[in-house]
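Open the model in your viewer and keep the selection panel at hand. The tour goes stop by stop.

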Amino acid sequence: MDEPADNSRGRTSSTSSLPTGEGIVIDIGTGDGTFVYESALRNPKKFFIGIDASARPLEKISEKIHRSPRKGGAPNALFLEAAVERLPDELYGVADEVYVQFPWGSLLSAVILPDAEVLRAIRRICASGASLGVVVSIDPRRDAGEMNRLGIGPISVEHIDRVLAPRYRVAGFEIRERAQLDRWNSSNLLSSWARRLSASSGRVVHAWMADAIETPSS
Ligand SMILES: C[S@@+](CC[C@H](N)C(=O)[O-])C[C@H]1O[C@@H](n2cnc3c(N)ncnc32)[C@H](O)[C@@H]1O
């Protein structure tokens, strides 16, 4: 039988004591946990942690991961209730990959404005050489009220290069790839909101990938 897909980079977090030893993935603002759950099933050698400020949407999936693997259990997945502004100290230095996908509210403004404190908090949970992937989807017409409330302007590749790149660098992340995804393939992203939003034609999706770098403050 073929090995399940595993996008491991063959390197583990320095503090990892996982028996699988293939890396720890943290999804911040995980929502209903679909990305973590589906990724855990596809990548059994990695450990996935989904974090969200709101625990309620995670109730079902938190029960499901504890079933036996034959009945849909995922022993390599875990969910935590926490706001990005107050990530548990136990996570410091553990993540090999961090994702923030389709954030809203304070999480959205943190990655787009960006909020230096929150970026540094995300950097603190990263192991050396970790990667950060962010996917943001905005409908300039429908989301206008929320964008105004959060003080967010239109997102563009130019905004990523001119505003985000230098601020991410100060917080300990070097943005190495960024793109506007015109025809984004939601099925690759695995999350519930990816599927839900892909049906909405007015949405503009941007994604950027960054590497954790050393800074004087990190
Ligand atoms: C649109 S949902 C996206 C959920 C999931 N990432 C997905 O793609 O299906 C945004 C999520 O961000 C979470 N969120 C918003 N602000 C947050 C914060 N400050 N810290 C942690 N999670 C937050 C919300 O509770 C919500 O579950």
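Leaving aside its neighbours within four places in sequence, which residues is Val-111 in contact with? Select Val-100, Pro-103, Val-134 and Val-136: these are its contacts. Two residues are in contact if their C-beta atoms, placed from the backbone, lie within 7 Å.

**Ground rules**

This is a predicted model, in which local features need pLDDT of at least 70, side-chain atom pairs count only at pLDDT 80 or more, and totals for chains, interfaces and linings use all residues. Residues are numbered from 1 along each chain as its sequence is written.

**Whole chain**

Colour by secondary structure. The chain has eight helices and seven strands. Helices (H or I, at least four residues) and strands (E, at least two) are DSSP runs, numbered from the N terminus. Of the 218 residues, 39% are buried. Buried means that 20 or more other C-beta atoms lie within 10 Å of a residue's own; exposed means 12 or fewer, and partly exposed is in between, with C-beta atoms placed from the backbone. Among contacts with a separation of 6 or more, 76% join residues 24 or more positions apart.

**Stop 1: Val-111**

Go back to Val-111, in helix α3. Val-111 has 24 other C-beta atoms within 10 Å, so it is buried. Draw a distance to Val-136, 25 residues apart along the chain: the C-alpha atoms are separated by 8.9 Å.

**Stop 2: either side of α3**

Select Phe-102, in the loop between β4 (95-101) and α3. Phe-102 is not a glycine, yet its phi is positive, about 55 degrees. Phe-102 counts as buried because it has 23 C-beta neighbours inside 10 Å. Now move to Pro-114, in the loop between α3 and α4. The peptide bond from Leu-113 to Pro-114 is cis, with omega near -15 degrees.

**Stop 3: α4 against α6**

Show α4 (residues 116-124) and α6 (residues 157-171). They pack at an angle of about 55 degrees, with axes 9 Å apart. Axes are lines fitted to C-alpha atoms, for helices over the stretch in contact, and angles run from 0 to 180 degrees between N-to-C directions. The pair is therefore oblique. Angles under 35 degrees count as roughly parallel, over 145 as roughly antiparallel, 65 to 115 as roughly perpendicular and the rest as oblique. From α4, pick Ala-116, Leu-119, Arg-120 and Arg-123; they meet Arg-167, Tyr-168, Val-170 and Ala-171 in α6. The residues of this contact are five nonpolar, no polar and three charged. Ala, Val, Leu, Ile, Met, Phe, Trp, Tyr, Cys and Pro count as nonpolar, Asp, Glu, Lys and Arg as charged, and the others, Gly among them, as polar.

**Stop 4**

Select α1 (residues 34-42). Its buried residues include Thr-34, Phe-35 and Val-36. Their cover includes β1 (24-28), β2 (47-52), α2 (59-64) and α8. Then pick Asp-32, in the loop between β1 and α1. Asp-32 has 20 C-beta neighbours inside 10 Å, so it counts as buried. Not counting residues up to four places away in sequence, Asp-32 touches Pro-57, Leu-58, Ile-61 and Ser-192. The C-alpha atoms of Asp-32 and Glu-59 are separated by 8.3 Å.

**Stop 5: the ligand**

Which residues of the shell are closest to the ligand? Of the 21 residues that surround the ligand, Gly-29, Gly-31, Leu-107, Ser-191 and Trp-193 are the closest. Highlight α3 (105-112) and α8 (192-198), the elements that give two or more residues to the shell. The shell has ten nonpolar, nine polar and two charged residues.

How values were computed: A residue is near a molecule or strand if its C-beta atom, placed from the backbone, lies within 6 Å of it.
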